[in-house]
Amino acid sequence: MNISYNWLKEYIQFDLTPQQTADALTSIGLEAGGVEEIQSIRGGLEGLVIGEVLTCTPHPSSDHLRLTTVNIGNSDEPLNIVCGAPNVEQGQKVVVATIGTKIYFGDNEVTIKRSKIRGEESHGMICSEDEIGIGTASDGIIVLPKDAKVGTLAKDYYNIKSDFVFEIDITPNRVDGTSHYGVARDLAAYLQQSGKEYKLLKPSVDEFAIDKKEGGIDIIVENKEACPRYSGLTIKGITVKESPDWLKNKLLLIGLRPINNIVDITNFVLHETGHPMHAFDAKYISGNKVIVKTLSAKTKFTTLDEIERELHDNDLMICNSDGGMCIAGVFGGLHSGVTEATTDVFLESAYFHPTWVRKAARRHGLNTDSSFRFERGVDPNNTVYVLKRAALLIKELAGGEIEGDIRDFYPDPIERPTVILSYDKTNKLIGKEIDKQTIKNILLSLEIEIEAESDSELTLRIPTYRVDVLRDVDVIEEILRIYGYNNIDFSDSVKSNLSYQTPTDRKYKLQSLISEQLTASGFYEIMNNSLTSRSYYEGNDVYPIANNVSLINQLSNDLGVMRQTLMYGGLESIAYNRNRRHNDLRLYEFGNCYYYDANKKREDKILNEYSESTKIGLWICGKQTANSWATPSENSSVYEVKAFVENILKRIGISKRQVVFETIESPQYSAGMIIKTHKQTIGSFGIISKKILKNFDIDTDVYFAEMDWDILMKESSNNKVKFSEISKFPAVRRDLALLIDKGIAFSQIEQIAQKTERKLLKQVTLFDVYEGKNLPEGKKSYAVNFMLQDEGKTLTDKQIDNVMKKIQNNLEKELGATLR
């Protein structure tokens with residue numbers, strides 16, 4: 001955004017050079033990307049002078065050229081100039097480009113030289129408007145009034161002054177700095193803190209008065225969510241014409257093209273106050289009323305750029321009784337603008353909801369000065385001031401009468417936010433104790449009202465134009481940027497803890513460790529989007545749609561909610577790879593999942609419906625081994641994914657004895673188990689159901705495991721690592737052939753055995769399963785190996801027999817197991 005140095009000084013009196021001003025603005029967060037000296041007309045009319053045509057005779061060798069002599073006010077002889085303009089005559093006052101003068105035609109630069117034209121010498125050029133950039137007329141030379149003084153420099157005659165323009169890089173939160181007065185307001189706070197003299201001057205609207213009480217165009221707002229405030233004013237009997245030089249020069253300096261006095265005034269007020277306006281030609285407002293509403297989807301509407309657009313049913317429109325005139329806050333309609341034939345105007349000054357404007361602008365691919373500001377949030381309590389400011393300028397430059405009162409729709413006034421600021425927190429965050437009076441002075445210079453104060457805190461009211469200041473930390477940031485980041489001293493002492501590792505460090509360290517382990521085992525890491533399709537959760541009992549964290553501004557239907565599980569993203573990756581003939585896959589992912597629970601509250605009664613947790617997911621499909629001379633091809637199985645789960649738990653320090661695997665019935669799995677510790681569930685694994693796989697066009701089994709990484713971190717942090725020497729005494733193995741019910745899992749046998757003998761039992765292994773002939777119906781046979789070892793001595797047969805007898809008795813008691 002461009003800010004003019006001279007224009008800025010109309011709102012604040014101060015004594016800083018352009019470069020010092022740029023440095024000051026940068027130090028308070030309005031970064032000046034560059035300072036450029038510039039003229040309202042390129043070249044600044046250097047080398048051009050006012051002259052008088054003394055003689056004008058036909059060129060002897062041309063029908064359309066003239067030989068002139070021109071007095072430019074110096075003591076030398078008059079200049080001989082060959083001129084081709086049809087309107088050149090003796091006695092005219094003209095603008096002359098002398099030899100060496102540079103003339104600019106668009107991006108081209110031409111230097112005036114001594115030349116011969118059809119055999120006659122020419123020592124300069126008599127100029128037209130478009131040749132020197134003061135207008136667009138090109139059909140003849142400029143003819144000045146008779147009282148124009150010969151020898152006057154053209155830059156002085158046209159009052160062309162040099163100026164400096166700052167290129168301000170506005171961050172998205174600082175919409176209050178998108179105007180000259182907004183920058184002046186911030187600069188005033190800096191100057192006060194720096195102890196420099198200044199005076200802030202806000203243009204007065206005290207002279208505003210209604211010329212005729214009756215009449216005027218009415219307003220009706222049908223959508224007050226999208227338009228919380230709408231103000232309007234009718235001015236009749238205006239004259240639309242070219243703007244005066246001072247107004248044109250201001251707009252040209254910041255890169256805007258002057259159009260006419262009415263449009264130029266709305267642009268001037270926009271860049272003065274930061275509040276967009278629109279001037280409607282009143283004769284096109286049928287029904288004598290402006291209606292703010294939405295129109296039906298696919299309604300055709302032609303904008304000022306003569307492009308016919310198809311409206312969305314959420315595009316807020318400014319309408320008359322017949323149809324749309326303008327896309328609210330974005331772009332005007334083809335027949336809504338002011339032309340030279342306009343005599344009556346309706347001025348609009350409104351506050352449109354930022355989200356509605358942003359969506360409409362993106363839908364239509366439009367980015368205007370107006371939408372840029374409305375998207376970020378203008379001051380809702382400034383609409384009437386802006387309206388009065390523009391009306392006074394229109395009456396001054398275009399005449400006319402204000403008809404009817406200001407129409408102002410503002411049913412629910414937006415109050416200034418209240419913030420409680422603690423002195424202690426301010427000093428802690430800034431890292432320096434700042435005097436309380438200094439803090440209060442800074443706040444007052446930023447127009448933040450101190451409503452109440454105590455020894456420890458301030459109660460503040462924030463101006464509504466500061467849409468980014470809503471919390472105490474925002475206020476602290478404001479104090480710091482005006483106080484000066486460079487004024488915060490570095491401490492001579494270093495404060496640190498003996499342990500530099502935080503819980504977060506440990507979490508990511510273990511995550512990296514497991515990543516390396518899985519990668520070494522042939523897995524590939526994947527990273528999927530946290531945004532996913534709502535359709536995955538429709539009719540889902542495991543991950544109900546009611547627990548979705550939904551996006552308000554959806555990017556698309558396929559990216560409408562935050563994921564509750566990593567599973568669906570991994571299946572998308574598997575489908576993508578299998579469609580490209582990569583069938584044997586081992587994938588893993590660390591990622592966050594998101595949940596919404598309307599019934600969940602904290603103890604302090606503050607709603608905490610949303611939660612987030614880190615998960616780890618594993619996916620295996622295809623063959624475990626393939627195309628190997630050493631081993632035959634073998635399909636992957638659910639036991640493979642279970643083994644990797646156990647390896648992960650072991651690697652992070654969760655022992656096998658702490659974990660329980662229990663069979664579950666779930667729509668997610670055709671066969672699955674949950675993984676539990678003695679305290680809580682940490683995840684699940686199994687074979688993903690055919691119904692789910694069908695939705696992804698996957699025609700092979702996929703084995704999936706998912707565990708809550710945050711819970712795993714808590715469980716592993718409770719484990720202490722113990723070191724012991726390798727036992728010098730031998731281990732002993734004993735086998736039992738157990739006849740058990742078919743519904744009993746090996747994990748149950750393992751848990752009972754380990755619970756029976758915690759000291760000597762080191763390992764329980766299933767090495768054979770038999771189901772078939774010679775067994776009672778509903779029974780199966782497990783061959784289980786038990787490894788016993790004493791760290792301090794050799795086990796005796798008696799000890800071994802006692803342990804095995806206890807295990808056998810407990811298996812028989814709890815599971816009904818018998819020896820075969």
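How many bridges join strand β39 to strand β40, and which way do the two strands run? To find out, select residues 681-688 for β39 and residues 702-708 for β40. Five bridges join them, and the strands run antiparallel. Keep in mind throughout the tour that this is a predicted model.

Stay with this pair for a moment and highlight glycine 686. Across from glycine 686 you will find phenylalanine 704, in β40.

**Widening to the sheet**

Now bring in the neighbours. β39 and β40 belong to an open sheet of seven strands, ordered β29-β33-β34-β40-β39-β38-β37, and the pairing is mixed. To see where the sheet ends, colour residues 524-525 (β29) and 660-664 (β37). These two strands stand at the edges with a single partner strand each, so one side of each has no neighbour in the sheet.

**A pair of helices**

Next, select residues 180-193, which form helix α5, together with residues 436-445, helix α12. Their axes are 9 Å apart and the packing angle is about 155 degrees. An angle over 145 degrees counts as roughly antiparallel, and α5 and α12 are therefore roughly antiparallel to each other. Turn the view to look at how they cross: α5 passes α12 in a right-handed crossing.

Show side chains here to see who makes the contact. From α5 come Arg185, Ala189, Gln192 and Gln193, while α12 brings Thr438, Asn441, Ile442 and Ser445. Sorted by class, the contact has five polar, two nonpolar and one charged residues.

**An aromatic stop**

The whole structure holds 20 aromatic pairs. For one of them, select tyrosine 5 and phenylalanine 166, whose ring centres are 6.1 Å apart with 85 degrees between the planes, an edge-to-face arrangement.

**Two backbone details**

Finish with the backbone. Which loop holds arginine 118? Look between β10 (115-117) and β11 (120-122). Phi of arginine 118 is near 55 degrees, a positive value in a residue other than glycine.

Then move on to asparagine 288, in the loop between β17 (278-281) and β18 (289-294). Although asparagine 288 is not a glycine, its phi is positive, at about 55 degrees.

Notes. Residues are numbered from 1 along each chain as its sequence is written. This is a predicted model: local features need pLDDT of at least 70, side-chain atom pairs count only at pLDDT 80 or more; totals for chains, interfaces and linings use all residues. Side-chain values use heavy atoms; hydrogens and water are left out. Two strands pair if DSSP finds at least two bridges between them. Helices (H or I, at least four residues) and strands (E, at least two) are DSSP runs, numbered from the N terminus. Axes are lines fitted to C-alpha atoms, for helices over the stretch in contact, and angles run from 0 to 180 degrees between N-to-C directions. Angles under 35 degrees count as roughly parallel, over 145 as roughly antiparallel, 65 to 115 as roughly perpendicular and the rest as oblique. A crossing is left-handed if the near helix is turned anticlockwise from the far one by less than a right angle, and right-handed if clockwise. Contact means heavy atoms within 4.5 Å. Ala, Val, Leu, Ile, Met, Phe, Trp, Tyr, Cys and Pro count as nonpolar, Asp, Glu, Lys and Arg as charged, and the others, Gly among them, as polar. Rings of Phe, Tyr and Trp (its six-membered ring) pair if their centres lie within 6.5 Å; planes under 30 degrees apart count as stacked, over 60 as edge-to-face and the rest as tilted.
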